[in-house]
Structure formats: C-alpha cells, structure tokens
Amino acid sequence: MIKPILLWSDVLILVLLWSVAALVWLARENGQMSETLRGPWRQVMRSRVGASTALILAVYVGIGLLDSVHYVERLPDTPGQAAQYGGEVYSALDWVLTPLRENVEKTYSAPFATHLYAKETLQGPVGGEVRDFPRLKYGGAHLADVEREFWPDVLKRGGLGMLAGLLAWFMGYRLTGRSSLSPVPPPGGGGDGGATFALSPTLLFLCLLAGLLVALAPVYHVFGTDKVGQDVLYLSLKSIRTGLLIGSLTTLVMLPFALGLGIAAGYFGGRIDDVIQYLYTTLNSIPGVLLIAAAVLVVQVQIEAHAELFNTAAARSDVRLLALCGILGVTGWTGLARLLRAEALKLRELEFVMAARAFGVSHGRILLRHLLPNVMHLVLITVVLDFSGLVLAEAVLSYVGVGVDPGMISFGNMINGARLELAREPVVWWQLAAAFVFMFVLVLAANLFADQVRDALDPKSSARK
Amino acid sequence: MLDYLIRRVLYAIPILLGVNLLTFALFFMVNTPDDMARIHLGAKHVTAEAITRWKSEHGYDRPLFFNEQAAGVAKAADTLFVEKSLKLFALDFGAADDGRDIAREIKTRMWPSLAIALPTFLIGLLAYISFALLLVFFRGTRLDTAGVVLCVALMSISGLFYVIGGQYLMGKLWHWFPISGYQPGLDAWKFLLMPVLVSVVASIGDSARFYRALFFEEIAKDYVRTARAKGLSELRVLFRHVLGNAMIPILTGVVVVIPRLFMGSLIIESFFGIPGLGSYTIDAIQAQDFAIVRSMVFLGSLLYILGLVLTDLSYTLVDPRVRLE
C-alpha cells in the first residue's frame with residue numbers, strides 16, 4: 001500500500017507546469033500573440049540543433065517529472081493502531097529504478113565490475129583465509145564463471161537491448177513520422193513535420209542508449225558504485241531533478257521581481273526609477289556567492305531551529321532546496337531588470353504607448369497590454385540562457401557548502417563526494433565522470449537550445465544572418 | 001572631474017549603508033546573536049549562562065538599534081548596529097568570532113590572492129580577446145563555426161571539472177606542478193602557474209564568445225566599411241578600428257572587476273590551498289563565522305563601487321568624447 005504525498009517543490013512544479021500550459025493556451029487563443037510566438041517556435045523546432053536539443057531536454061524533464069511524483073510506503077499493520085507510514089519518501093522514478101536502488105554493494109566498484117574495489121579477507125577454497133577482491137553481491141552475480149562468461153553475456157545483453165531500442169525507434173518513426181519522410185520539410189507550416197525529420201538521428205541515438213541501459217543496468221553497475229555502494233547511474237538519474245528544479249524554480253521566483261521592478265523603473269521614471277535603481281545597484285554590489293552564502297547560512301540556522309516542522313528528511317532537504325531557489329531568485333533578478341528597464345525606457349516613447357495614454361488608458365493596462373508583450377522576447381531569452389548557468393552554479397555552491405542539503409542527491413554533492421577519490425590508487429573516476437557527463441549533456445543541450453531561441457526571437461541577431 | 005568624483009563618493013554612501021542594513025538584518029535580526037552563540041557553543045554546552053557569556057565575550061550583548069540603559073549619545077552609539085555594522089565604514093572590521101583580528105588577516109592574505117587573480121585577469125583578457133579576434137577574422141568559415149562550437153562546449157563544462165581535471169593531469173599524472181599549497185616569495189610561481197592556467201581555461205568559452213559577439217556588432221557598423229573602402233587590410237581594420245572602438249564595451253565589463261581582484265577566487269584558492277582572501281572567506285562560511293562574512297560582504301561592495309568609478313574614469317581615457325561633469 002502506498003500513499004501519495006506532495007512535497008512543497010512538487011506543488012511548485014505543478015504551478016510551473018500549469019503556468020506554462022496557461023501561457024501556451026493564451027498564445028493559442030490570442031491571435032496576434034500566436035503569430036508572433038508561433039513563428040519563432042517553428043523556426044527553433046525546424047532547425048536540426050533546436051529540435052535535437054529540445055528532445056534531449058524533454059528526456060531530462062521527463063525523468064525529472066517522474067522523480068517528482070512522491071509517495072510513502074505503508075508499514076505492516078500492527079493490530080489496534082491506525083495505519084503507519086514509513087519515513088522514507090520514494091518517487092515514481094525510484095519505483096522504476098527499484099533494482100538499481102536496491103542493488104547496494106559494500107563500497108566502490110568500477111563500471112561493469114564483478115568484484116569489489118577493496119580487498120577483503122575471504123574463506124579460501126581449501127579452507128584458510130585469503131586476501132582477495134570479493135565478488136559483488138549484485139553486479140554480475142548471475143555469472144557462474146566470470147572469466148569465461150563476462151564478455152559473451154555483456155555483448156548478448158547489450159546487443160539485444162540495442163536491437164530492442166532500434167525496433168522501438170523504428171516503430172515510433174513509422175507511426176509518427178510517416179508524413180515527413182521526405183527530406184525537405186513542407187514550406188510555411190504544415191505541423192512540425194520538419195522537426196520530426198530532424199529528430200530522427202537523435203531519437204535513434206536515445207533509443208539505442210535507453211535499450212542498452214535497460215538491458216545492462218539491472219545486472220551490472222554500468223557506472224560503478226560509490227563509496228557506500230550505491231549505483232552511480234541511479235544517483236545520476238536522481239540528480240537530474242535537483243538540477244532542473246534549481247534552473248526552473250529560481251526563474252519562477254526571479255521573474256516577478258525582474259518584470260515588475262524593471263518595467264516600472266523604465267516606464268514611470270523619476271522617483272520610482274531612482275529607488276529601483278538604488279535597489280539593484282545595492283544588491284549587485286554585494287559579491288554574488290557571498291550574498292547567497294549569507295542567506296543560505298541564515299536559512300540553515302532557521303531550519304535547524306524549527307526542525308519539528310519537517311517530519312521526514314526529504315521534507316527538510318526539500319525546504320532547503322526551495323530556500324536556495326528563493327535566494328538565487330531574489331539575488332538574481334538584477335540583470336534582467338536592468339535589461340527590461342532599458343527596453344521600457346525606449347518603448348514608452350513610441351507612438352503606440354503615447355496613443356494609449358492619449359486615449360486615457362490606465363497605467364496598469366498600458367503596462368500589461370502594451371509593454372509586457374513587447375518585452376516578452378527578452379524575458380524568454382534570458383530565462384533560457386540563465387537555466388544552464390544555474391545548473392552549473394548548483395555544483396559550485398554545493399562545494400562551497402551553501403548548496404542543497406548534503407543529504408540530497410545532486411550533481412554538486414556527487415562531485416563533492418568524489419573529488420578526493422582521485423587521489424586513490426587505482427583512481428576512482430567513475431562517480432565524477434558520470435556526474436560531469438550527465439551535467440554536461442544537460443547544460444550543452446540547454447545552451448544550444450538557448451542559442452536557437454535567441455536567434456529566433458531576437459530581431460537583432462536574426463537580422464544579422 | 002573633481003565634482004564628479006565627489007558626487008560619486010556621496011552616491012556610494014547610501015549604497016554601502018543599504019548593504020550594511022541588509023547584512024545586519026540577515027545576521028542580527030533574522031538570526032539573533034543567541035542563535036549564533038548556540039552554533040558556536042555546540043549542542044552540548046547550551047545553557048542560558050553560557051550563551052550570555054559567549055555574547056559578552058564577543059561583544060554581542062548590546063541592543064540592536066537603541067540602548068535604553070546608556071546616557072546621551074551612547075543611547076544610539078552603544079548598540080550592535082553601530083558597533084558591528086557602522087564601524088565597517090571606518091574599515092574597522094573588528095575581531096572574528098574566533099578572536100583573530102580581521103583587518104590583519106585581510107592585509108596578509110590579499111597578496112597571495114592578488115598573485116593569482118592579477119595574472120589570471122591579464123592573461124585571460126589577452127587570451128580571450130585574441131581568440132575572439134581570430135574567430136572574427138575567419139568569420140563565415142569552417143574555422144569560425146568550429147571555434148564557436150568549441151566555445152559552447154567549453155562553457156557547458158562545470159568549472160569544477162577544470163579544477164579537478166587540471167589538478168589530476170598536471171599535478172598527479174604529469175607531475176608538472178605541486179597539486180596544492182603556497183609559498184611566499186620568489187618560489188611562489190611553482191604554485192601559482194597551475195591555478196592561473198586552470199582559471200584562464202575555465203572561462204575561455206564564455207568570454208571568447210562574449211567578445212566575439214561584441215566584435216561582430218562593431219564590424220557591422222559603417223565606419224568599418226569606410227575603412228575597408230580606403231583599402232586598409234583586414235588585419236589593420238580589425239586591430240586599429242574595430243578593437244579601438246570596441247574598447248568602450250570591453251572596458252565596461254572589465255574595469256569594474258579590477259578592484260575585486262584583491263578578494264581572490266573562492267573555488268580556485270580553496271582547491272589549490274592558496275592562503276588568500278578567497279579561501280579565508282570560504283573557511284568562514286564553512287565555520288559559520290558571521291563576523292568575517294559580514295566584513296567580506298562590505299569589502300566586496302566597497303571594491304565594486306570603486307570599480308564603477310574607475311570604469312567611468314577609464315572611458316575618458318579611451319574615448320575623447322566622454323567628459324565627466
């Protein structure tokens with residue numbers, strides 16, 4: 001029996017999803033907006049880079065969302081008592097990855113290893129004690145004779161997995177992409193036909209990779225295990241949610257500040273402008289990491305002081321994560337606000353705003369209907385560009401000691417836990433490598449996607465081409 | 001000019017006051033001195049007397065803004081805000097929570113910081129701008145595309161990777177440099193070379209792309225066409241005209257960080273064991289020594305504002321049209 005629960009971050013994710021959906025719906029309903037937004041969107045999705053990176057990002061987001069459906073397990077009933085629930089919070093991703101989560105070894109083991117990293121005292125075959133590498137409890141445990149069976153087994157499983165991936169790709173391709181098999185995308189619209197065409201190589205690669213992992217991961221530790229024997233692939237997949245949350249929730253916090261204050265400063269000018277400029281110069285003058293560190297230290301003390309409010313470790317680290325997003329948002333709005341201020345300063349002198357004012361339209365309405373839609377492209381560009389920076393920042397902040405909760409699985413904590421292990425002999429490289437590779441792919445995809453979005457939305461950069 | 005400087009200094013005061021109030025609010029009102037005492041005493045020794053004793057030892061046993069027991073001016077002067085926050089304006093940093101004098105630490109630690117930050121800054125600037133100019137020179141060719149792709153890839157790699165990878169390759173595998181540590185005097189270069197190299201490489205993707213975009217904007221302007229029409233070689237156009245005119249946007253981003261070089265870099269210094277201000281700060285953060293964090297925040301803001309003034313001054317040097325009045 002399980003009981004679904006909502007962590008605070010899950011609630012905010014729902015809010016985020018809902019607002020994205022609302023935005024899309026609004027853009028569809030509003031004829032003018034749909035034309036200005038749909039064109040760039042099509043341009044992004046039609047470019048090979050845009051479509052492939054969007055697909056990779058979608059996979060990451062999918063994993064993150066799966067990891068955001070949380071539940072607790074019901075403990076075995078004791079008669080005469082109400083139902084009890086365990087303190088451990090699981091997610092749907094945990095459920096999918098159950099074999100990975102539960103195959104915990106004793107300590108480090110290399111990728112695809114069948115033996116532990118460290119020697120132990122074992123019972124020899126003829127009695128007596130031998131110092132040797134013990135077999136792993138789970139990694140390659142199904143092999144009777146490792147020396148002889150290892151490679152055939154890996155090749156067989158891997159091959160079958162890739163074959164399944166290929167099949168899945170082919171099925172999906174035939175089902176959805178049939179109309180767009182022609183190499184030239186239909187000109188001027190006609191659905192996302194061009195996108196599907198551009199997607200296929202990336203999709204093929206992803207399908208093959210997924211097939212490979214599904215076939216191999218349950219019986220081997222594909223990326224090895226960490227210090228306490230947890231599977232590194234599992235840790236990497238779980239880290240995705242943390243990274244995505246920091247990248248997106250921070251934006252949710254930052255946007256109201258940047259939009260409200262930036263546009264107001266530019267539009268109203270005068271005293272209001274002075275105050276807002278003073279605000280962001282002050283915030284800007286404090287070294288970024290220090291301000292974040294100061295705020296996180298304060299939050300940390302407060303969380304410790306009110307420990308009774310959080311009944312599970314997950315809830316506590318969740319609140320700390322949200323606090324971090326909040327802090328990053330509150331300290332990070334200045335750049336966008338300055339951009340928006342300059343833009344609003346320009347826009348308010350233009351004829352359409354003048355006309356609106358002459359007709360007696362209220363300030364609020366002018367801001368909402370005339371200025372806001374005209375700065376939306378700046379906002380979108382900044383949001384997408386900031387995303388990758390925030391994912392990277394998480395790792396650095398965790399290293400400084402002011403990142404997410406040390407108990408939370410994140411790229412930063414993975415790197416932090418593994419960086420000293422390079423000094424070992426032989427080198428323990430897999431945990432670092434996995435964290436860096438997963439982060440690199442996410443950030444690279446986000447960066448490339450951001451470039452496409454900017455090219456599509458920014459009139460200046462598209463005019464240059 | 002002098003008028004302008006005076007005005008800028010006056011404008012700096014409310015900003016620094018704001019910074020002061022903000023940190024004061026964070027460290028004294030959200031987190032009371034009692035909380036601080038509890039952290040430093042550890043969970044075992046928390047008694048009411050111990051907290052009071054810790055507070056009086058460290059000078060935290062005053063009211064926040066208004067002291068009713070004192071007489072006259074001391075009513076407002078003998079308070080935490082004046083003692084711990086306003087004194088920073090006189091660069092009186094006071095003692096850290098472990099009892100050591102912060103000002104002395106800053107004076108001794110800023111040299112190692114500077115020894116890393118200054119070469120990093122200069123070499124970096126040279127490298128990024130040359131790389132960007134190279135890409136602009138070969139614009140529209142495969143080389144440019146490859147360079148941009150390389151930049152995007154480089155900037156997608158976590159900064160920690162460069163540090164850890166650099167230490168592993170250059171320190172452990174190839175034995176070029178000691179992995180970490182520092183030695184004052186002339187021998188310092190052995191310890192400085194690797195951190196400088198790593199930090200220059202770490203931000204090459206980001207910066208080179210930024211400068212490339214900047215030069216591109218410049219190259220689309222009319223004066224460049226005129227220069228070419230005069231028959232100038234492409235190299236001459238780039239170095240004399242484009243670089244010269246791009247100086248203003250370059251300076252905007254560059255000069256402002258110069259004063260802050262004193263504060264060093266948190267990550268680089270702590271990874272490479274350099275006893276500079278960056279590692280001082282990071283140690284303070286990890287030990288939750290709020291007195292040091294407050295001082296560093298103030299120092300950072302002060303240096304930033306100094307950087308803004310320097311930026312304005314530097315405009316007058318590169319652009320004869322700019323006059324500060």
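This is a predicted model: local features need pLDDT of at least 70, side-chain atom pairs count only at pLDDT 80 or more; totals for chains, interfaces and linings use all residues.
1. Two strands pair if DSSP finds at least two bridges between them. Strand S1 of chain A covers residues 2–5, and strand S2 of chain A covers residues 70–74. The two run antiparallel and share 4 bridges, so they pass the pairing rule. Within S2(A), the residue opposite A:Ile5 is A:His70.

2. Now follow S2(A) to strand S3 of chain A, residues 85–91. Which sense does this pairing take? It is antiparallel, with 4 bridges. Look for A:Tyr71 here: its bridge partner is A:Tyr90, in S3(A).

3. Step back to the whole of chain A. Its secondary structure comes to 17 helices and 5 strands. Its C-alpha atoms fill a box of roughly 100 × 65 × 55 Å along the principal axes. Chain A has 465 residues, and 47% of them count as buried.

4. Take the contacts with a separation of 6 or more. Of these, 71% join residues 24 or more positions apart.

5. Next comes the interface. How many residues does each chain bring to the contact? Chain B brings 44 residues and chain A brings 46 residues. Together the two chains bury about 3,800 Å². Carbon and sulfur atoms make up 73% of that area.

6. The rule finds 1 salt bridge across the interface of chain B and chain A. Where is it? Find the side chains of B:Arg209 and A:Asp451. They meet at 2.8 Å, N to O. The cut-off for a salt bridge is 4 Å, so this pair qualifies. Polar contacts between chain B and chain A come to 6 residue pairs, with both residues at pLDDT 80 or more.

7. Which elements build the side of chain B that touches chain A? Those giving two or more residues are helices of chain B: H1 (2–30), H2 (33–41), H7 (142–155), H8 (159–173), H10 (204–219), H14 (266–272), H15 (277–286) and H16 (290–318). H1(B) gives the most, with 9 residues.

8. Finally, sort the residues on that side of chain B by type. There are 29 nonpolar, 10 polar and 5 charged residues.

Terms used
Residues are numbered from 1 along each chain as its sequence is written. Chains are lettered from A and ligands numbered from 1 in the order in which they are written. Side-chain values use heavy atoms; hydrogens and water are left out. Contact means heavy atoms within 4.5 Å. Buried area is the accessible area (1.4 Å probe) that two parts lose on being put together, summed over both. A polar contact is a pair of N or O atoms within 3.5 Å; within protein, one must be able to donate a hydrogen and the other to accept it, and residues adjacent in sequence count only if both atoms are side-chain atoms. Ala, Val, Leu, Ile, Met, Phe, Trp, Tyr, Cys and Pro count as nonpolar, Asp, Glu, Lys and Arg as charged, and the others, Gly among them, as polar. Buried means under 20% relative accessible area, exposed over 50%, partly exposed in between (1.4 Å probe, protein chains only).
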